[in-house]
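Thanks for coming, everyone. Please look at the screen, and I will walk you through one chain.

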Amino acid sequence: MKKLRLRRVLAMTLTAVMTFTLLACGATNDAIVDDQAAVRGLEEGAGEIWIDDEAIALAGSAASSQAALDACTAVFNIMNQQRVARGLSELAWSQPLTNAAQVRANEITTMFSHTRPNGSAFWTVDSSCQYGENLAKLYQSADAVYTAWMNSPTHAANIMDGGYKTVGIAICQTGDGSWYWAQEFGY
C-alpha cells in the first residue's frame, strides 16, 4: 500500500513539474512572435510627418530595469555579430528609434499588434525614422528573443535583408515580470 501511494505521489509530482516546465519555458511560443514583421514602404506616408511627442515623452519617463537594458544591448550585439558573419554591415544604434521602440513596447502590453492602440500604423510614433518593426512578448533573454525572430522569415528579413542602417530596441516589463520587446528599424 505504501509503495502504491509513493508511486502516486511521485507520478503527480512529476506531472506537476513537467506542466510547470512547459509553461515556464513557453510551450505556447507560437503565439509569442507572430508570423509577420511590419514594414513601411518608402512612399508610405510620404510628405506626412507623424511624431507622437506625448507617447515618446511618457515612454522616456518610464524606468527600465538594468536587466532589460542589458538584454536590449545583448540583442543589438548578437544581431550585429550575425550580420558581420554574413558579410553585412553593422546596424547603428539610434536613440530616436529606441524612443519609438519604448513607446511600442509599452503599447503592445495592451494590444499585441503592429497597429497601435489608437488604430494608427506602428510608424506613426515617429515617421521620420521608423520603417520596420519586430515585436515579441514573454521572452526573458536576448538569446531567446533573437532566436525566435531569426526563426521567423519576415522577422529575420527585417534583421538581415531589410537594407536598414539603424535600429532601436526596447523592453517594457509588466507588473507580473513579463517582457514585451520592440525592435524598430530605419534607414
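**A walk through the chain**

Surface first. The chain exposes about 10200 Å². Carbon and sulfur atoms supply 59% of that area. Keep in mind that this is a predicted model.

Now the inside. The chain has 187 residues, and 42% of them count as buried. What about contacts along the sequence? Take contacts between residues at least 6 apart in sequence: 72% of these join residues at least 24 apart.

Next, the parts list. How many helices and strands are there? Six helices and five strands. Starting at the N terminus, the order is α-β-α-α-β-α-β-α-α-β-β.

Now go through the pairs. E3 covers residues 132-137, and it pairs with E5 in the antiparallel sense over six bridges. E5 also pairs with E4, again antiparallel, over eight bridges. E4 and E2 pair in the parallel sense, over two bridges. Find Ala 92 on your screen: it stands opposite Thr 166 in E4.

Trp 181 is the bridge partner of Ile 171. Trp 181 is also the bridge partner of Ala 136. Please keep Trp 181 in mind, as it will come back.

Is E4 mostly covered or mostly open? Mostly covered: seven of its eight residues are buried. And E4 forms a hairpin with E5, with five residues between the strands. In that hairpin, Gly 177 takes a positive phi near 90°.

On to the helices. Helix H3 runs from residue 66 to residue 85, which makes 20 residues. From first C-alpha to last, H3 reaches 28 Å. That is close to the 28 Å expected at 1.5 Å a residue. Which residues of H3 are buried? They include Ala 68, Ala 71, Cys 72, Val 75, Phe 76, Ile 78 and Met 79. Asn 80 and Arg 83 are on that list too. What covers them? The cover includes strands E2, E4 and E5, along with helices H5 and H6. Just after H3 comes Gly 87, with a positive phi of about 80°.

H5 spans residues 142-150. Its buried residues are Ala 142, Val 145, Tyr 146, Ala 148, Trp 149 and Met 150. They pack against H3, E3, H6 and E5.

Now put these pieces together. The largest nonpolar core has 27 residues. Which of them touch the most other members? Val 75, Met 79, Tyr 146, Ile 159 and Trp 181. There is our tryptophan again. The elements giving two or more residues to this core are H3, H5, H6, E4 and E5. H3 gives the most, with seven residues. Apart from this core lies another, of eight residues, with Ala 105, Leu 135, Ala 170 and Ala 182 among them.

Last, two loop residues. First, Ser 127, in the loop between H4 and E3. Is Ser 127 buried or exposed? Buried: the relative accessible area is 5%, and the cut-off for buried is under 20%. Along the chain, Ser 127 and Ala 100 are 27 residues apart. Their C-alpha atoms are separated by 9.6 Å.

Second, Leu 138, in the loop between E3 and H5. Leu 138 has a phi near 80°, a positive value in a residue other than glycine. Why point that out? Because most residues other than glycine have a negative phi. Leu 138 has 38% relative accessibility, so this residue counts as partly exposed.

Then find Trp 181 in the core. Thanks, I'll take questions.

Notes: Residues are numbered from 1 along each chain as its sequence is written. This is a predicted model: local features need pLDDT of at least 70, side-chain atom pairs count only at pLDDT 80 or more; totals for chains, interfaces and linings use all residues. Side-chain values use heavy atoms; hydrogens and water are left out. Helices (H or I, at least four residues) and strands (E, at least two) are DSSP runs, numbered from the N terminus. Buried means under 20% relative accessible area, exposed over 50%, partly exposed in between (1.4 Å probe, protein chains only). Contact means heavy atoms within 4.5 Å. Accessible areas come from the Shrake-Rupley method with a 1.4 Å probe; for residues, only the protein chains shown count as cover. The expected span of a helix is 1.5 Å times one less than its number of residues. A nonpolar core is a set of buried Ala, Val, Leu, Ile, Met, Phe, Trp, Tyr and Cys residues joined through side-chain atoms within 4.5 Å. Two strands pair if DSSP finds at least two bridges between them.
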